[in-house]
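Colleague: I would like to learn how to read the helix packing in a model like this one. Please take me through it feature by feature.

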Amino acid sequence: MAKESSKKNGSKGGAVAIDIGISGKDREKIADGLARLLADTYSLYLKTHNFHWNVEGPMFNTLHLMFMEQYTELWNALDAVAERIRSLGYPAPGTYSQFARLTSIEETEGVPEAMDMVRLLVAGHEAVARTARGTFPAAEKGGDESTADLLTQRLQVHEKTAWMLRSLLK
């Protein structure tokens with residue numbers, strides 16, 4: 001993760017220390033996990049939006065609308081994750097190269113068949129859930145209830161979405 005960002009005090013021009021009850025070392029570990037979560041979320045957002053644009057077949061309308069709901073939810077989640085990283089005193093990653101380094105979501109080349117899109121999105125939501133779950137130990141160790149709450153919310157969304165997508169494959 002990049003260096004801790006300095007906080008400037010407008011009147012004195014000096015850095016203001018972050019004292020939120022979580023040690024600097026713990027904040028860094030939590031921010032690193034959240035950076036991976038942000039990269040996974042963005043990568044899954046992009047994949048879902050791509051599938052929304054390109055889905056075809058007998059389930060077009062159903063999948064087109066479902067994918068739109070899903071990418072909209074992912075888009076809205078990005079800000080919450082990035083702002084939590086900033087609250088911990090670190091810059092949020094925000095470039096394709098950073099996301100490519102940090103994500104566990106594989107890019108999909110070409111345009112898969114509709115049900116293959118669904119399978120790929122199941123795998124993507126499960127991957128994001130694993131990333132979120134993997135960040136819990138750092139949040140718990142640091143006593144970071146705010147991050148733990150964010151992770152719980154994200155897990156609920158990704159696990160439910162994966163279930164709903166899997167249900168289409170039966």
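Colleague: Leaving aside its neighbours within four places in sequence, which residues is Phe67 in contact with?

Modeller: This is a predicted model. In it, Phe67 is in contact with Thr48, Phe51, His52 and Val55, and also with Met117, Val118, Leu121 and Leu165, once neighbours within four places in sequence are set aside.

Colleague: Which residues touch the most other members of the largest nonpolar core?

Modeller: Phe67 is one of them, together with Leu34 and Ile85; the core has 43 residues. Two or more residues of this core come from each of α1 (24-54), α2 (60-87), α4 (114-141) and α5 (145-168). α4 gives the largest share, 12 residues.

Colleague: Turning to α2, which of its residues are buried?

Modeller: The buried residues of α2 are Leu63, Met66, Phe67, Gln70, Tyr71, Leu74, Ala77, Leu78, Val81, Ala82, Arg84 and Ile85. Their cover includes α1, α4 and α5.

Colleague: What span should α2 have, and how far apart are its end C-alpha atoms?

Modeller: With 28 residues at 1.5 Å a residue, α2 should span 40 Å, and its end C-alpha atoms are 41 Å apart, which agrees. After α2 comes Gly89, which has a positive phi near 100 degrees.

Colleague: How are two packed helices described?

Modeller: By the angle between their axes and the distance between the axes. For α2 and α4, the angle is about 25 degrees and the axes are 12 Å apart. Angles under 35 degrees count as roughly parallel, so α2 is roughly parallel to α4. Their crossing is left-handed.

Colleague: Which residues make the contact between α2 and α4?

Modeller: From α2 come Leu63, Phe67, Gln70 and Leu74; from α4 come Ala114, Met115, Met117, Val118, Leu121 and His125. The α2 residues in this contact are also listed among the buried residues of α2, including Phe67 and Leu74.

Colleague: At what angle do the axes of α1 and α5 cross, and within what distance do they come?

Modeller: The axes of α1 and α5 cross at roughly 25 degrees and come within 12 Å. That makes α1 roughly parallel to α5. α1 passes α5 in a left-handed crossing.

Colleague: Which residues in α1 and α5 meet?

Modeller: Ile30, Leu34, Leu37 and Leu44 in α1 meet Thr147, Leu150, Leu151, Arg154 and His158 in α5.

Definitions and conventions: Residues numbered from 1 in each chain as written. Predicted model: local features only at pLDDT ≥ 70, side-chain atom pairs only at ≥ 80, totals over all residues. Heavy atoms only, no water. Core = buried A, V, L, I, M, F, W, Y, C linked by side-chain atoms within 4.5 Å. Buried < 20%, exposed > 50% of the residue type's maximum accessible area, 1.4 Å probe, protein only. Helix = DSSP H or I, 4+ residues; strand = E, 2+ residues; numbered from the N terminus. Contact = heavy atoms within 4.5 Å. Expected span 1.5 Å × (residues − 1). Axes fitted to C-alpha atoms, helices over the stretch in contact; angles between N-to-C directions. Parallel < 35°, antiparallel > 145°, perpendicular 65-115°, else oblique. Left-handed = near helix turned anticlockwise from the far one by under 90°.
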